[in-house]
Every structure is written in C-alpha cells, then in structure tokens.
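Have your viewer ready, and keep the sequence beside it.

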Amino acid sequence: MRFQNRVLLAMLLVLPVFLAPEGRAQTKTQAPAGKSAATPEATAHKKNMDAYIALMRRDIQQEKTEVMGAMMALSAQDSAKFWPIYSEYDVELTKLNDQRVANIKEYAQHYTQLTDDEADKLIQKSLAYQKQRGELLAQTYEKVKQALGGVTAARFAMVEHQILTIIDLQILESLPVAGQSM
C-alpha cells in the first residue's frame with residue numbers, strides 16, 4: 001500500500017507539471033518568411049522540457065517497478081523468469097509512450113484552435129495508442145502465463161492495468177477540453 005501511495009503521489013505531482021506549461025503557453029509568434037520560428041529561448045525551453053519529461057518518466061518507471069515488485073510477491077526463482085519479461089514489456093511500452101507524449105504535446109499546443117480534421121487526427125492517434133498498448137499488455141500476459149502460470153499472469157495484468165489507469169486518469173485530468181480555454 002505504501003508503494004501505491006507513492007505512485008499516486010508521484011503521478012499527481014508529475015503529470016500536471018510537465019503537461020500544464022505546454023498546454024497553457026499561447027505565446028507562439030509567426031516567424032518572418034524564410035526564417036526559423038525557433039528562438040534560442042524556445043529551443044532551450046524545449047530541451048529543458050524534454051529533459052524534465054525524461055527525468056519524470058524515469059522516476060515514474062522506478063516507482064511503477066517498485067509497486068509491481070511489491071504486488072507480485074515473487075520467489076527468487078519466479079523473479080528470475082518474470083523480470084526479463086517485464087523489462088521487455090517496459091521497453092516496448094516506453095516506445096509507445098513516446099508516441100503518446102508527442103500526441104499530447106501537439107494537442108496542448110493547438111487545443112483552442114483545432115479544426116475538425118486536426119481533432120480527428122489527434123483522436124485517431126490516441127485510439128491507436130490505446131489499442132497498441134492493450135495488445136502489448138495482452139502479449140505480455142501470455143508470456144507471463146507461459147512462464148509462471150495463469151494466477152501470476154492475472155496478478156501482473158491486474159496490477160499493470162490499475163497503474164496504467166491511474167496514469168491515464170492523471171493525464172486526462174490535466175488536459176484541457178478541445179476548443180475551450182483553460
């Protein structure tokens with residue numbers, strides 16, 4: 001329970017912080033024709049934001065791994081089978097989450113001025129992400145089931161789904177509604 005509280009607290013603090021500044025920044029200026037719109041300040045801000053997001057993701061991944069370890073309660077022998085499967089899953093999930101972060105950034109920059117086509121494109125990307133993440137979880141469930149049995153695989157799937165749901169809720173809570181100001 002202590003680990004779950006830490007994950008919840010981390011998500012409550014982390015996700016709004018790295019999403020809100022991008023979502024509230026409405027200060028884009030048009031660059032003269034033929035010149036780059038990226039100022040040194042904007043470039044530095046983007047690098048700092050990307051570094052901050054990477055740091056927060058590592059912290060969340062660490063907390064998530066601790067929660068998973070505590071909830072799985074595996075023997076040393078089972079741990080030797082489970083953690084390589086989980087690590088492979090986490091690498092693939094991180095790749096998917098890179099797509100999600102890019103989609104969220106795009107949405108946060110344009111949510112007040114979305115056209116129907118842009119809104120549809122962003123939602124289609126979001127739905128594709130959810131589908132791919134569900135397929136990845138299902139594939140990993142099967143691998144864990146083959147290695148450790150159905151009960152352990154079910155425990156993995158349930159804990160992972162709960163963690164992902166908490167993260168999803170925090171992200172969705174942080175995002176403004178399309179077409180509305182914050």
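Glu160 is buried, at a relative accessible area of 0%; buried here means under 20% relative accessible area, exposed means over 50%, and partly exposed covers the range in between, with a 1.4 Å probe and protein chains only. This is a predicted model, in which local features need pLDDT of at least 70 and side-chain atom pairs count only at pLDDT 80 or more, while totals for chains, interfaces and linings use all residues. Residues are numbered from 1 along each chain as its sequence is written, and side-chain values use heavy atoms, with hydrogens and water left out.

You will find Glu160 in helix 5, residues 150-174. Helices are DSSP runs of H or I with at least four residues, strands are runs of E with at least two, and both are numbered from the N terminus. What surrounds Glu160 once its neighbours within four places in sequence are left aside? Lys64, Met68, Tyr86, Tyr89, Leu93 and Leu137 are in contact with Glu160, where contact means heavy atoms within 4.5 Å. With Tyr86, the side chain of Glu160 makes a polar contact of 3.5 Å. Such a contact is a pair of N or O atoms within 3.5 Å; within protein, one atom must be able to donate a hydrogen and the other to accept it, and residues adjacent in sequence count only if both atoms are side-chain atoms.

Next, look at the charged groups. The structure holds nine salt bridges, each a side-chain nitrogen of Lys or Arg within 4 Å of a carboxyl oxygen of Asp or Glu. One of them joins the side chains of Asp90 and Lys64 at 3.8 Å, N to O. Asp90 belongs to helix 3 and Lys64 to helix 2, so this pair ties together parts that are 26 residues apart in sequence. Asp90 counts as buried at 15% relative accessibility, and Lys64 counts as buried at 5%.

Another salt bridge links Lys143 and Glu88, with their closest N and O atoms 2.5 Å apart. Because Lys143 lies in helix 4 and Glu88 in helix 3, the pair ties together parts that are 55 residues apart in sequence. Lys143 is partly exposed at 37%, and Glu88 is partly exposed at 44%.

Glu142 and Lys145 also meet in a salt bridge, 3.4 Å from N to O. These two are three residues apart in helix 4, which means that about one helical turn separates them. Glu142 is partly exposed at 34% relative accessibility, as is Lys145 at 32%.

Now for the nonpolar side. A nonpolar core is a set of buried Ala, Val, Leu, Ile, Met, Phe, Trp, Tyr and Cys residues joined through side-chain atoms within 4.5 Å. The largest one has 29 residues, and those with the most contacts inside it are Met68, Met72, Phe82, Tyr86, Tyr89, Val144 and Phe156. Helix 2 (40-72), helix 3 (76-110), helix 4 (116-148) and helix 5 each give two or more residues to this core. Phe82 touches Met68, Met72, Leu74, Val144, Leu148 and Phe156, not counting residues up to four places away in sequence.

The loop between helix 2 and helix 3 is worth a stop, as Ala73 lies there. Most residues other than glycine have a negative phi. Ala73 has a positive phi of about 45° although it is not a glycine, and it counts as exposed at 62% relative accessibility. Met71 and Val159 are 88 residues apart in sequence, yet their C-alpha atoms are 7.2 Å apart in space.

Finally, step back to the whole chain. Five helices and zero strands make up its elements, running α-α-α-α-α from the N terminus. Of the 182 residues in the protein chain, 32% are buried. Among contacts between residues at least 6 apart in sequence, 78% join residues at least 24 apart.
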